[in-house]
Amino acid sequence: MDEKKEIVSKETPAGNTVHPFSESNPPIERPEDQPDHDVKLEMHSDEEEVVEEDLYKPLVMDESIAHEANPLTVRAVIVGIILGCLVNASNLYLGLKTGFSFSANMFGAIFGYGILKFFEKSGGNLPIIGGAFGPQENSIVQAAATGAGGISGIFIAGIPAMYRLPGVMPEGHTPRDDIGAIFTITLVCSFLGLFYVTPLRKFFIVQVARELRLMFPTATAVGLTIRSMHAGAAGGLEAIKKLKCLGLSFTAALVQRVASYYAPGILYDWHPLTWIHIWSGYKSWAMNIESWGWYFEWTPAFIGSGILIGLNPAISMFIGSVSAWALIGPLLVHYGECIGKAQWDEDTPQWEGYYSFNSLRNLGKEPPSPRYWLLWPGVMVMVCSSMAELIVQYKVIGYGFKTIWYQSCSGINHRLVAKGKTSKFFSKYGAPREKTEDEVEDFAAPEDQVKHWMWLVGLLATVVIAMIIFHFQWDMHPGLTILACLLAFLFSFLAIQIGAVTDTTPLTATAKASQLVFGAATSGSHFPIPQAQKLNLAAAGLAAGGADVANALVSDFRTGFLLRTPPVKQFIAQAIGSFVSVWLAPGLFILFTSAYPCILDSEAEHCAFLVPSVSAWAAVAQAVTDPSVPIPPKSGYFAIAMGIVSVAQCVFRHFYLVGEREKYRKWLPNWGAIAIAWVIPQTIYASASLLGAVVAALWRKYDMRTWDLYGYAVAAGFIAGEGLGGVVGAVLTLAGVDGSVKGSMVGCPGDSC
């Protein structure tokens with residue numbers, strides 16, 4: 001049994017649940033070797049007979065598993081939605097802090113197993129809650145969880161950026177005042193991607209998956225995890241162990257985060273340099289180093305993230321932090337290119353030497369902060385590296401558009417024939433294609449597929465509603481709304497393919513490219529600057545939000561394909577979950593912005609949320625609409641140079657490091673991870689992720705069996721637990737009993753953590 005588990009761990013991809021909506025989404029390299037063209041999973045029976053399993057086909061399931069007539073059950077959807085809501089709340093907290101968000105699929109799969117297995121045993125034959133529980137119903141749980149846990153991306157980027165730019169939203173308005181408009185834009189973003197990506201399931205999952213090596217690592221890992229948990233008595237025992245581990249890590253992270261609000265300098269942020277300054281009688285140079293953010297934060301979420309993403313991106317991100325906040329930033333200040341703001345005065349002389357280098361005030365009126373100077377190289381590298389990854393995949397782009405063309409012609413030809421008409425053109429290009437040797441059989445019967453009318457009617461209705469909503473609530477011309485919808489489809493098509501290979505979709509490129517396109521589209525329209533910025537952010541949010549949801553659905557389709565779950569059942573489950581998120585995410589956004597108004601204040605230098613994604617979105621919107629907001633010339637030159645370097649490495653990696661040289665790819669730096677370290681004006685997330693990655697690497701090296709059993713569970717529990725702890729913290733703040741009122745700031749620089 002141990003031998004089997006070790007082989008499975010080595011030959012199946014380790015999932016990375018980082019959700020790439022925001023600026024914190026570099027195209028992360030796989031922590032393990034990339035799967036070969038024909039991925040096989042060696043299975044060992046008790047007689048040691050070796051059977052090779054093709055991971056591009058549905059998984060071979062345990063023979064004892066009973067047939068599931070209808071896996072789309074009320075209990076599965078409700079449990080999935082509840083779990084997804086927890087992740088949604090977690091993502092909003094973590095996204096506002098760092099720009100990162102995480103998928104709900106693994107969390108929903110494991111926790112969902114535990115809850116429904118309990119119902120199965122205790123419910124007996126009771127309606128709704130009772131009855132047998134199998135892997136397909138388990139996949140419905142995670143599909144509903146993914147839907148309910150999604151769409152938080154627009155609330156950690158575009159929407160708060162609107163409130164940070166003067167004049168974009170009505171003066172004095174808060175999100176609470178604009179709740180109607182926020183609900184409607186969330187509705188459109190949620191369902192646009194859901195409907196337009198549905199007909200592409202067969203293309204991505206069946207037709208070209210093997211040829212283009214579209215493994216969907218996280219979705220595949222979720223499918224394998226669900227299968228292992230339902231694999232007879234042994235699988236059930238392992239599932240219970242995973243569940244207990246997930247529950248313990250979730251609870252520990254939640255308790256630690258809530259408790260840390262009352263003693264952050266002891267339980268959360270460790271500031272050794274501040275301690276040295278205090279111990280020296282407030283007479284040391286330690287505060288000068290402290291000012292650059294060199295301390296350690298015991299953040300379970302990013303330790304968990306490091307466990308998942310692997311050493312290469314974690315090391316790259318740490319290198320980015322060192323280069324930005326130990327080398328480039330100090331040099332910029334030393335030579336007068338940038339300035340810092342003193343954080344002490346005559347009333348607090350003990351903190352002399354403590355500065356803030358994060359200010360975004362008075363842009364163009366005084367030397368910028370290192371944060372603003374480094375923002376542009378960070379954004380440039382993220383866009384260039386992500387777009388380069390898209391462009392080098394020209395094969396899938398060409399093949400995909402060709403397939404869409406043939407399928408469109410086939411549909412038109414079929415309708416013409418049904419009406420007794422013929423067309424040489426459509427009959428020629430719509431003729432049935434011969435199945436390639438790489439294409440696999442689709443297990444789903446016609447009645448199990450999503451009906452054409454379901455996605456087509458939904459798509460048309462969503463586009464029409466989008467044109468009405470964006471015209472009356474966001475003052476956007478219907479033509480620009482259609483352009484945003486088309487960009488959402490185009491970027492989804494490209495981003496899904498990248499995510500299927502790298503496990504991280506480049507939605508950073510989607511958002512930034514959308515902002516650039518709309519900046520060009522509105523440049524000659526003579527809009528007032530605030531109106532141009534509103535259009536830019538709203539349209540880019542629609543395009544990126546649609547691509548975000550579309551990627552989540554295709555990943556769910558991949559998990560369902562492995563487990564033979566009817567696609568129409570998954571579609572319905574995720575649609576229901578998405579509908580819930582439409583109402584949940586705006587409410588949580590109002591909760592956080594009410595508890596922490598600094599989220600919406602671009603001039604706030606002290607805030608519990610760094611909002612790096614918001615800053616990047618706002619900066620790009622200003623750059624493409626407002627000529628009075630300058631980019632520092634040397635920052636621009638450096639950004640261009642680093643963008644060229646990142647593109648050159650992408651080309652070198654894809655076209656030179658092939659064949660026997662492919663093994664050297666893992667030694668190349670991850671420029672996306674480096675870039676995000678330049679955008680986040682702190683080092684704590686890079687160091688926490690590096691700690692998690694090192695722990696995971698040692699864990700895999702010395703005890704692969706327990707890593708395979710507990711690794712994902714620990715990471716998922718840490719991430720969700722801290723996120724929910726952040727929600728509790730917001731409630732405590734609104735109630736006036738948070739750490740700033742009832743706690744102690746001992747050990748914190750400037751008596752504030």
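Phe216 counts as buried, because its relative accessibility is 3%, and buried means under 20% relative accessible area. In this predicted model, Phe216 sits in the loop between H7 and helix H8 (217–229). Its backbone is worth a look too: Phe216 is not a glycine, yet its phi is positive, at about 50°. Most residues other than glycine have a negative phi.

Tyr282 belongs to the loop between helix H11 (272–279) and helix H12 (286–290). Is Tyr282 buried or partly exposed? Tyr282 is partly exposed, because its relative accessibility is 36%.

Arg564 goes on the list as well, with a positive phi of about 60° just after H21. Helix H21 itself covers residues 529–563, so that makes 35 residues in that helix. From its first C-alpha to its last, H21 reaches 51 Å, close to the 51 Å expected at 1.5 Å a residue. How many of the 35 residues of H21 are buried? The count is 33, so H21 is mostly covered, given that buried means under 20% relative accessible area.

Now for the charged pairs. Searching the whole structure turns up seven salt bridges. Here are three of them, with the gap between N and O atoms:

| Arg75 | Glu137 | 2.7 Å |

Take Arg75 and Glu137, whose closest N and O atoms are 2.7 Å apart. This pair links distant parts of the chain, with Arg75 in helix H2 and Glu137 in helix H4 (residues 135–148), 62 residues apart. Arg75 counts as buried because its relative accessibility is 5%, and Glu137 counts as buried because its value is 3%.

Arg201 has 4% relative accessibility, so Arg201 counts as buried. Asp442 has 17%, so Asp442 counts as buried too.

An α-helix has 3.6 residues a turn, so residues three or four places apart point the same way. The two partners fall on either side of the 20% cut-off for buried: Lys117 counts as buried because its relative accessibility is 19%, whereas Glu120 is partly exposed because its relative accessible area is 22%.

Last up is some greasy surface. Which residues make the nonpolar surface patch of about 540 Å²? They are Val74, Ile78, Ile82, Leu126, Ile128 and Ile129. One of them, Ile78, is found in helix H2 (residues 74–98), the helix that also holds Arg75. Ile78 counts as partly exposed because its relative accessibility is 44%.

How values were computed. Residues numbered from 1 in each chain as written. Predicted model: local features only at pLDDT ≥ 70, side-chain atom pairs only at ≥ 80, totals over all residues. Heavy atoms only, no water. Patch = residues over 30% accessible without salt bridge, like charges linked within 9 Å, V, L, I, M, F, W, Y side chains within 5 Å. Areas by Shrake-Rupley, 256 points an atom, 1.4 Å probe, with all protein chains shown as cover. Salt bridge = Lys/Arg side-chain N within 4 Å of Asp/Glu carboxyl O. Helix = DSSP H or I, 4+ residues; strand = E, 2+ residues; numbered from the N terminus. Buried < 20%, exposed > 50% of the residue type's maximum accessible area, 1.4 Å probe, protein only. Expected span 1.5 Å × (residues − 1).
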